[in-house]
Amino acid sequence: NQPLALALGNFDGLHLGHQKLIRQNIIDAQARKCTAAAMIFEPHPLRVLFPERAPRLLISTARKIELFALLGLEMVIQVPFTRDIARLSPQYFVEHVLCHTLGVESVSVGFNFTFGHKGAGTPETLQQLGSEKGFAVQVISPVKVGNEVVSSTLVRQALEVGEISRASRFLGHLPMLEGRVVQGEKRGTTIGYPTANVAVPSELIVPGSGVYAARVRLSGETYSAVVNIGRKPTFHQDYPVSIEAHIFDFDKNIYGKGIRLYFLDKIRDEKKFDGAEQLVSQINDDAARARKIAASAGFQELL
């Protein structure tokens, strides 16, 4: 019943650049008395066109929509991405999707936005077509942190090497992993550090191996934790990467429950110890450091 002010993009991670775009789109929507909306394609176009090049995602679609809502967006249009859509020309996409189907009054895109067959459409293409079809186009300039232009790629690179504070600066919020608590080896219980083993969807990126201070969100409550990501080299020659969270001051059966880990900082790299006794001594130190980091950190999902 109302024309749309539409934000276009992939928005993986909803980093500072994405947040700027969404906020500008909302301001534009209010000025035009439009509905502030975003259109996203799922799955990520590269997963359909070039699966071998598809990046691990920073956030799930559900988390993306949640962050959109926190920013104040009113509507999300989620479109299944297919090879047929990939073949649409920029002109066809504008005329039939943006104009005829959605009735946009304005469109907001990032400075490096591409659309249409083989990415032939650019922000300049969109501006030209917008002037022909009668809708406004906002092109949002890049956001820099220091001398670096914020991007999802930079966030991924930071997380892969465990640079949590750097990733947080690009994101404007804490890096987060969500998954489900599953059965593990239960070795943690025998050494005094029971852990929640977290299974995460395979398409999500996992921070690099190491020990981290974190917040845990579980059944509506927030706790502090120390998290280990790695292959358990003290006990195994070769083991799949596992994610284990020791939640402080917590003793409940949570198998099968959904869990979120918000990473605060990396404490150390993963390493092999001579035995359980040496490992426990190190975990004592890790836990003390994690408690200290958690005590001095605020818990904000979106800054």
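User: In which strand is the place of Gln138?

Analyst: A strand is a DSSP run of E with at least two residues, and a helix is a run of H or I with at least four; both are numbered from the N terminus. Gln138 sits in strand S5. This is a predicted model, in which local features need pLDDT of at least 70 and side-chain atom pairs count only at pLDDT 80 or more, while totals for chains, interfaces and linings use all residues. Residues are numbered from 1 along each chain as its sequence is written, and side-chain values use heavy atoms, with hydrogens and water left out.

User: How is the exposure of Gln138 read, and what is its relative accessible area?

Analyst: Buried means under 20% relative accessible area, exposed means over 50%, and partly exposed lies in between (1.4 Å probe, protein chains only). Gln138 has 23% and is partly exposed.

User: Which residues is Gln138 in contact with, beyond its neighbours within four places in sequence?

Analyst: Contact means heavy atoms within 4.5 Å. Gln138 makes such contacts with Gln24, Asn25, Asp28, Val107, Ser108 and Val109.

User: In what order do the five strands of the open sheet stand?

Analyst: Two strands pair if DSSP finds at least two bridges between them. Here the order is S3-S2-S1-S4-S5, with parallel pairing. Strands S3 (75–80) and S5 (136–140) are at the edges with a single partner each, so one side of each has no neighbour in the sheet. Neighbouring strands are turned by 25 degrees against each other on average, direction ignored. Angles run from 0 to 180 degrees between N-to-C directions, with axes fitted to C-alpha atoms, for helices over the stretch in contact. Helix H1 (residues 16–32) packs on this sheet and touches S1, S2, strand S4 (104–110) and S5, its direction making about 170 degrees with that of S1. Helix H6 (residues 123–133) touches S4 and S5, at about 160 degrees to S5.

User: Over how many bridges do S4 and S5 pair?

Analyst: Five, in the parallel sense. Val107 stands opposite Val137 in S5. With H6, the two strands make a right-handed β-α-β unit; that is, with the strands pointing away from the viewer, the path from the first strand over the helix to the second runs clockwise.

User: Which residues of helix H3 are buried?

Analyst: In H3 (residues 61–71) they are Arg63, Lys64, Leu67, Phe68 and Leu71. Seen down the helix axis, these fall within an arc of 145 degrees, so they line one face; the arc is that of the directions from the axis to the C-beta atoms. Ala62, Ala69 and Leu70 are exposed on the other side of H3. The cover over the buried residues includes H1, S2, S3, strand S8 (176–182) and strand S13 (258–268).

User: Which residues of the largest nonpolar core touch the most other members?

Analyst: A nonpolar core is a set of buried Ala, Val, Leu, Ile, Met, Phe, Trp, Tyr and Cys residues joined through side-chain atoms within 4.5 Å. The largest has 34 residues, and Val216, Leu218, Val227, Ile247, Ile259, Leu261 and Phe263 touch the most other members. Apart from it lies another core of 25 residues, among them Leu4, Val48, Ile77 and Val107.

User: How many of the eleven residues of S13 are buried?

Analyst: Nine are, so S13 is largely enclosed by the rest of the structure. S13 runs antiparallel to S8, with five bridges, and antiparallel to S10, with seven bridges.
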